[in-house]
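Hello,

Here is the structure I promised to pass on to you. Please have a look at it first, and then read my notes below.

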Amino acid sequence: MKNKQIVYGTVINYATVFVQMISTVVVTPYLIKIFGDNDYGIYKIIVSLAAYLIILNFGVGNTLIRFLSELRAKGEDKGDAAKALVSFSTALNFGAGLFAVLVGCLIFRFIPNFFSTSLSTRDLQLARNIFIILLISAVFSILTDLYMSYLFVYEKYTYVKTVDLLKYLLRVALIFSLINKGKSATLIAYIDLYVSIFTFGANFLYAICKGKMKIGFCNLNKRMPISPKKFFSYSLLFFLNLIIEQLIWNTDSIIIGMRLNASMVSIFSSGAIISAAFNSMTQIVSTMIFPKIVMKFSENNPKEKSTEVMIKISRLQAFIAFYILGGYLVVGKFFVTDIWLDSRYELAWTTSMIVMVGTLFSSLMGSGHLILRAINKQTYFLVCEFVIFLANVVTTYVLVKPLGIKGAAYSTTAAYVIGMCVFIVPYLKKTIGLDVKRYFQNIVPIVASMVCMSIVLYAISNRIGITNKFEMIIWGIIYTVLYIALAYMVSSDEEKKALKSI
């Protein structure tokens, strides 16, 4: 039954990722058409701001998963210790929600100061209206995280992922059914709020009624299975990781809104949809194999096999990632400017390509992070990433004025590449014994061959020109056939079995 829950939950999880990507691709041009570049850009700016409020759950849910799962493994998840842990987490979660409200009110007060040079008086009022709605939505999202985490502990994967899938379907349905009843971007914010309330209600009721979640606040200090200090120190790592994700994916839109205008945010955020989807797809392999990594490295010295494991994972990821990246290079511009959006959004293709190069580099080295997580040595990794992308915020702020939204893309990619080369790779060599020379000797042939082929095909297709959907499909088929042939040439018999052998 547990295995079935995992299998069903995994299938629904991938279905959710696919539905999220497709719905975003379908909905985005529709919203831009209804609201215009400016108002849609304002909505995306505020969504990015609100995303910082959501991470104020401080990783409480993930920490609950960690320690409640430990109690469950010991058969102690029905006792006073588990009840105290859940109650303590609940108190912190509600406190996080209140703190998010306070921070949100402070941000609301200063929105005119942040965007006074780039937004008109009318735009600033629209931004503040959207922010108030999304602030309430963020609080519901923070509260939801705790109940989802509790259900994960008891392996209710299918239910949680089904609710996750339904929320994306519900959002799309509400957008297409209600959008013509109001031409203001606040309507989308209200829809996001309705979806957040639905998600909270579904997880809360199931956790309390079916999951038998029990809460009690008497004698918490005496009953707690761990000290509050240990709880907070563990949650801090998750919180730091959440901050890093926000610095990567949401800060650029805010800075562009401050330094340029809302229309540029609309273009950049459209490209960010593609690059974020690419990042998600390249992480699927890591998600699948992480449990095996934990099993392989939790008991033995990681230096004995880290290089071999990293090579196998990175090469597999390279074959997948370069197929997507190269295909987007060859036919992506036509897709963005002639099918998905229009010619005004050519910069969206350019900036997304630049950012995808950076995320690709990070994804290939991501197996090293998996090993660090498995042996509980990820603190330095996370601190380095935090410093790197904090510096990226500064350089983005400086570059967007002279270089426009390309400056933001260049800065993000530079942060990925320089951060990995200067900080992360030396740390992997020192901590897990990565043989850097051997690693790159095995990765470079794939990278060089795939990059050369993609560039040549792009040059030819760009010179001939893609003028309609049929030609785009033909070029896609040509690219796929050549890619498969080249991938077969640079692979080995052992590599074809890489996923099974890890």
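Let me start with a pair of helices: the axes of α8 (residues 228–249) and α15 (residues 379–403) come within 9 Å and cross at roughly 30°. Because angles under 35 degrees count as such, α8 is roughly parallel to α15. Axes here are lines fitted to C-alpha atoms, for helices over the stretch in contact, with angles from 0 to 180 degrees between N-to-C directions. Helices are DSSP runs (H or I, at least four residues), numbered from the N terminus.

From α8, the contact (heavy atoms within 4.5 Å) involves L237, L240, N241, I243, I244, L247 and I248. On the α15 side, the residues include L382, F386, F389 and V393.

This is a predicted model: local features need pLDDT of at least 70 and side-chain atom pairs count only at pLDDT 80 or more, while totals for chains, interfaces and linings use all residues. Residues are numbered from 1 along each chain as its sequence is written, and side-chain values use heavy atoms, leaving out hydrogens and water.

Two single residues may also interest you. L124 sits in helix α4 (residues 121–153) and is buried (under 20% relative accessible area, 1.4 Å probe, protein chains only), because its relative accessibility is 13%. Leaving aside neighbours within four places in sequence, L124 contacts I111, P112, F115 and L119. Its C-alpha lies 6.2 Å from that of P112, 12 residues apart in sequence.

S367 belongs to helix α14 (residues 366–374). At 0% relative accessibility, S367 also counts as buried. Beyond its neighbours within four places in sequence, S367 touches M310, I313 and S314.

Best wishes

Key
Helices (H or I, at least four residues) and strands (E, at least two) are DSSP runs, numbered from the N terminus. Buried means under 20% relative accessible area, exposed over 50%, partly exposed in between (1.4 Å probe, protein chains only). Angles under 35 degrees count as roughly parallel, over 145 as roughly antiparallel, 65 to 115 as roughly perpendicular and the rest as oblique.
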